[in-house]
Amino acid sequence: MAECKRENLTATEVAAKALEMRRMIIEMLTEAGSGHPGGSLSAADIMAALFFHEMNVDAAQPKMAERDRFVLCKGHAAPALYSVLALKGFFPKEDVFTLRKLGSHLQGHPDMKKLPGVDVSTGSLGQGLSMASGMALGGKMDDAPYRVYAVLGDGELEEGQVWEAAMFAAHYKLDNLCAFVDNNGLQIDGNIDCVLSPNPIADKWRAFGWHVIEIDGHDIQEIFMALDQARTVKGQPTMIVAHTVKGKGVSFMENQAGWHGAAPKPDEKDRALAELV
Amino acid sequence: MTEKQATRDAYGKALAALGQENKQIVVLDADLSKSTKTADFQKVCPERFFNAGIAEQNMLGVAAGLAASGKRPVVSSFAVFATGRAFEQIRNSIAYPKLSVIIAATHAGVTVGEDGGSHQAIEDIAIMRALPNMTVLVPADGPQTRAALKAALEHDGPVYLRLGRLAVPTVYGEEEPLTIGKGKILKEGKDVAIISCGLMTSVAIEAAELLAAEGISATVCDMASVKPIDRQLVYSLAAGCGCVVTAEEHNIIGGLGGAVAEVLGECCPVPLERVGLNDVFGQSGKPQELLDEYGLTAENIAAKAKKAISRK
Ligand SMILES: Cc1ncc(C[n+]2csc(CCOP(=O)(O)OP(=O)(O)O)c2C)c(N)n1
Ligand SMILES: [Mg+2]
């Protein structure tokens with residue numbers, strides 16, 4: 001029997017963790033002076049649910065063989081990952097203030113060689129789901145009990161490699177793979193529909209042979225239900241299309257493409273933190 | 001050398017201006033138009049700007065098709081993604097059939113800064129240089145970027161134009177025409193020849209000043225045309241000064257240092273020292289901190305120059 005370190009927090013407790021993550025995201029980005037708040041905030045609830053409810057991970061043994069794996073395909077949302085890993089105890093919380101600074105283990109994009117808890121290095125969009133598929137395939141070959149979780153951006157779906165991975169994971173029946181699309185509707189140059197529409201997203205994944213669940217990506221109960229359902233699916237990978245709001249939780253950042261890759265100034269940080277209570 | 005401008009900024013402005021004159025120019029970008037500055041072109045020629053989305057491989061393939069139907073496509077993304085993600089599309093759809101596509105890639109080198117090693121192209125010159133038919137231009141400053149874009153537009157065949165994010169000192173007071181295959185002597189000296197490209201050219205000039213203060217006279221040669229390289233000039237500098245230092249914001253393997261080493265090895269073996277990244281990836285940090293961290297400084301060029309001289 002695999003060692004189980006699942007925390008299994010309740011929805012209320014997970015929501016409290018997500019709020020703490022959002023505060024840390026704002027604080028670390030302000031200190032760094034650059035980085036990506038919009039897509040970090042939109043993914044916070046999903047990642048809180050994964051790390052504090054669903055996944056079998058243990059900060060005391062970051063390389064535990066049977067741990068569930070996590071791939072942040074949209075690596076620019078590193079602050080979301082760093083906040084959740086810090087809250088889980090993978091490294092001291094104050095380290096988040098070294099984000100993006102010379103010599104820090106908190107690189108601009110997640111670096112598996114530098115930071116415990118990061119299963120693969122990401123940052124180049126489109127590559128994550130392939131690596132997640134490889135991990136899921138490896139797990140199947142070894143009859144390992146672990147599951148693999150991944151979070152993609154909706155703009156990221158424009159990369160052809162995503163669809164190569166989609167075919168691969170379905171073809172090899174990787175039912176130990178469960179991915180999310182953080183469907184916040186925005187990319188850098190604007191609305192995903194105006195730049196290069198990946199819609200209809202859910203239909204595409206269905207057509208590629210995935211089990212698809214659509215949820216509100218900020219409703220913790222819905223995230224739990226989707227994860228529960230995904231665990232019961234046999235012979236197919238699962239894609240959870242999570243409808244989210246870019247910049248969620250900070251009114252002046254919500255649905256603003258301009259907050260994709262701009263760090264808050266100190267006064268903006270204060271205004272944001274005043275809302276995140 | 002007072003004014004500062006990022007070569008990506010100069011590129012955006014030049015592209016917008018040239019785009020209004022030459023209606024064959026079509027610009028493609030991969031969801032980075034505000035960073036690569038192709039948004040400047042989009043503003044004035046919206047009907048000839050196409051956002052390809054986050055799909056660099058397809059973008060380079062589409063550019064090949066546009067070139068094959070008589071357009072003058074100019075495509076932009078960050079250097080890592082333009083040359084890396086779409087490498088084989090560049091190889092087989094663009095370089096192999098020698099189609100006139102301009103790949104104007106910004107955010108090259110470690111001066112990308114805080115985004116970190118995943119986003120800092122330190123191998124792009126090497127991989128583009130290895131492709132037959134490909135021309136590689138690495139301008140030193142804003143005025144030379146304009147000249148390089150003009151030269152690329154007049155050239156028959158694919159061109160890789162390497163641009164930076166960081167504002168850099170202006171080396172060329174005025175825009176001088178850039179001739180593909182020709183280097184430029186910026187300062188004449190007799191003890192050592194420093195051959196540089198990109199933002200390291202202004203650093204090389206500083207290094208020559210440091211050396212002059214110690215009584216060492218250095219030639220500074222700007223080799224913006226990394227490929228084809230000016231073999232004749234490299235040969236005459238080596239023969240004249242007796243030793244060479246190269247300086248580039250790139251891996252010391254395969255870039256300008258590699259190109260110069262090839263020429264020297266074949267025609268005029270003199271001591272060579274290469275300043276660049278020592279076969280390592282970059283990391284997060286402020287641009288200037290990273291230049292210091294990896295020895296991309298005037299002090300290091302001067303030290304390497306003295307070492308090269310001592311090896312004569
Ligand atoms: C291959 C690649 N091309 C371009 C980029 C630059 N880039 C970083 S984030 C981004 C937009 C991402 O949009 P989306 O996937 O929707 O992310 P989110 O909205 O969740 O932040 C782009 C183009 C990249 N990191 N990788
Ligand atoms: Mg998005």
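## Magnesium site

In this predicted model, the magnesium ion (ligand 2) is held by three residues of chain A: Asp154(A) through OD, Asn184(A) through OD1 and Leu186(A) through O, at 2.1 Å. Along the chain, these donors follow the spacing D-x29-N-x1-L. Distant parts of the chain are linked here, since Asp154(A) and Asn184(A) are 30 residues apart. Asp154(A) belongs to the loop between strand 2 (148-153) and helix 6 (160-171) of chain A, and Asn184(A) to the loop between strand 3 (177-183) and strand 4 (186-187) of chain A.

## Enclosed cavities

Rolling a probe the size of a water molecule over the atoms shows where empty space is left. The largest cavity holds about 120 Å³ of space. Its lining comprises 14 residues, and those nearest the centre are Pro139(B), Gly164(B), Gly198(B), Leu199(B) and Glu249(B). By class, nine of the lining residues are nonpolar, three polar and two charged.

The largest pocket contains about 830 Å³ of space. Of its 45 lining residues, His36(A), Ile188(A), His260(A), Gly261(A) and Leu32(B) lie nearest the centre. The elements that each give two or more residues to this lining are strand 4 of chain A and, from chain B, helix 2 (33-36) and helix 5 (79-85). The lining of the largest pocket has 12 nonpolar, 18 polar and 15 charged residues.

The second largest pocket has about 580 Å³ of space and is lined by 25 residues. Nearest its centre are Ser121(A), Thr122(A), Gly117(B), Ser118(B) and Phe281(B). Helix 5 of chain B gives the most to this lining, with four residues. Six nonpolar, 14 polar and five charged residues make up the lining. Because domain 1 (4-169) and domain 2 (184-310) of chain B both give residues to the lining, the second largest pocket lies between them.

## A buried strand in chain B

Five of the five residues of strand 5 (residues 102-106) of chain B are buried, so this strand is largely enclosed by the rest of the structure. In a regular strand the side chains alternate between the two faces of the sheet. Both faces of strand 5 of chain B are covered, with Ile102(B), Ala104(B) and Thr106(B) buried on one side and Ile103(B) and Ala105(B) buried on the other.

Strand 5 of chain B runs parallel to strand 4 (residues 72-78) of chain B, to which five bridges join it; Ser77(B) stands opposite Ala105(B). Strand 5 of chain B also pairs in the parallel sense with strand 7 (residues 159-162) of chain B, over four bridges. In that pairing, Ile103(B) stands opposite Tyr160(B).

## Backbone features

The peptide bond from Asn199(A) to Pro200(A) is cis, with omega near -5 degrees. Pro200(A) occupies the loop between helix 7 (192-196) and helix 8 (201-207) of chain A. In chain B, a cis peptide bond joins Lys227(B) and Pro228(B), with omega about 0 degrees. Pro228(B) is in the loop between strand 12 (225-227) and helix 10 (231-241) of chain B.

Asn255(A), although not a glycine, has a positive phi of about 60 degrees. Asn255(A) lies in the loop between strand 7 (238-243) and helix 10 (266-275) of chain A and is partly exposed, at 46% relative accessible area. Asp31(B), also a residue other than glycine, has a positive phi near 65 degrees. Asp31(B) is found in the loop between strand 2 (25-29) and helix 2 of chain B, and its relative accessible area of 2% makes it buried.

Definitions and conventions:
Residues numbered from 1 in each chain as written. Chains lettered and ligands numbered in written order. Predicted model: local features only at pLDDT ≥ 70, side-chain atom pairs only at ≥ 80, totals over all residues. Heavy atoms only, no water. Donors = N, O, S within 2.8 Å, 3.2 Å for Na, K, Ca; no water. 1 Å grid on protein atoms, 1.4 Å probe; cavity = no way out; pocket = protein on both sides within 12 Å on 5 of 7 lines; lining within 4 Å. Points joined across faces, edges and corners; volume = space filled by probe spheres on them. Nonpolar A, V, L, I, M, F, W, Y, C, P; charged D, E, K, R; others polar. Buried < 20%, exposed > 50% of the residue type's maximum accessible area, 1.4 Å probe, protein only. Pairing = 2+ DSSP bridges. Domains from an automatic or database assignment.
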